[in-house]
Amino acid sequence: MPTDSDDRWLAAAAALAERSRPLSRPNPAVAALLVKDGMVVGRGWTQAGGRPHAEAMALAQAGGQARGATLYVTLEPCAHQSTRGPACTDLVVAAGIARVVIGVTDPDDRTAGRGKARLRGAGIVAEGAGDARCAGSLAGYLAQAALGRPHVTLKLATSLDGCIALADGTSRWITGPAARAHTHRERARADAILVGGGTLRADAPALDVRLPGLEDRAPRRLVLTGGAVPDGWIALPDPQAIHDLPGVQYLFVEGGAQAAAAFLRADLVDRLLLYRAPVLLGGGKPALADLQLAGLWQAHDRWRLTDRRHFAPDTLEIFTRTR
């Protein structure tokens, strides 16, 4: 059975997996740690373009120290052969690993359960699965497998009274530099970013990443509109069209009261970032258009607060959709 120590190492692996996202696409962002005598002897994360896999990187770093070690990996090691590289289960067996602790079972039919079975067949203790933090680090991959769509984050930056702009449309800037920098960090973690057609026409947003060292991480630009769009943009006629986006595990919805409401009405938002500035606008433009609720009962028990942060002078609350 997994131990408290295993729990801590899996949590560390889930945090390490952040280094893969989103460059690992089309593969999931996986991380692996090799631990021996309480020390990390190898670590790895899925490389850009999906190869090498996390396990291969960790084993290469550990070398001979991998023999007899425990492998902590956020996703079940792959069991299928590929022209792009060997199956990770074969690498683990060949390295003489004694034990493998897995965060999440791979939903891919080519591996699902087969990776663990192959390891056990080789005499390796293989256990674990269902770790919430590892699942969180793989949210986009798991959403695609289960729902056929990306994991969707909706960002709202509002005044204390829920406005995103003055009545005349002025919106730069409601939040301060620290909160905006965090937004750019979130952009850098997404495969695609979406705004509404009204936001595109009114603001002509660049939607780039303006953080030192991450300027090349700008996501694909999408707009929710039925009309023509500028070069470099992709038009989506309605929120359900995200089911047809190839290579997108993480979608960041960032602009427009109408677009935000459309995704909420369609129940396609998995995570909500609510940045709030300590200002009152009174009579400004609301953050959301009508959600067309039949009653207050539809508004309750839908969101769970999972994190709260302070980006002086602003606050950020992070909610996840309860399903």
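The protein chain contains 9 helices and 15 strands. These elements are DSSP runs numbered from the N terminus, with helices (H or I) of at least four residues and strands (E) of at least two. The radius of gyration of the protein chain is 22 Å, close to the 20 Å given by the globule rule for 323 residues, so the chain is as compact as a globular protein of that length. This radius is taken over C-alpha atoms, and the globule rule is 2.2 Å times the number of residues to the power 0.38. The C-alpha trace spans about 70 × 45 × 40 Å along its principal axes.

The model is predicted: local features need pLDDT of at least 70, side-chain atom pairs count only at pLDDT 80 or more, and totals for chains, interfaces and linings use all residues. Residues are numbered from 1 along each chain as its sequence is written, and side-chain values use heavy atoms, without hydrogens and water.

Two domains were assigned, by an automatic or database method. Domain 1 covers 4–144 and domain 2 covers 149–321. Their centres, taken over C-alpha atoms, are 33 Å apart. In domain 1, 15 residues are in contact (heavy atoms within 4.5 Å) with 14 residues of domain 2. Within the protein chain, 72% of the contacts with a separation of 6 or more join residues 24 or more positions apart.

Of the 323 residues, 50% are buried, meaning under 20% relative accessible area with a 1.4 Å probe, protein chains only. The protein chain carries 38 positive and 32 negative side chains. Lys and Arg count as positive, Asp and Glu as negative; His and the chain ends are not counted.

How values were computed: The place of a charge is taken as NZ of Lys, CZ of Arg, CG of Asp or CD of Glu.
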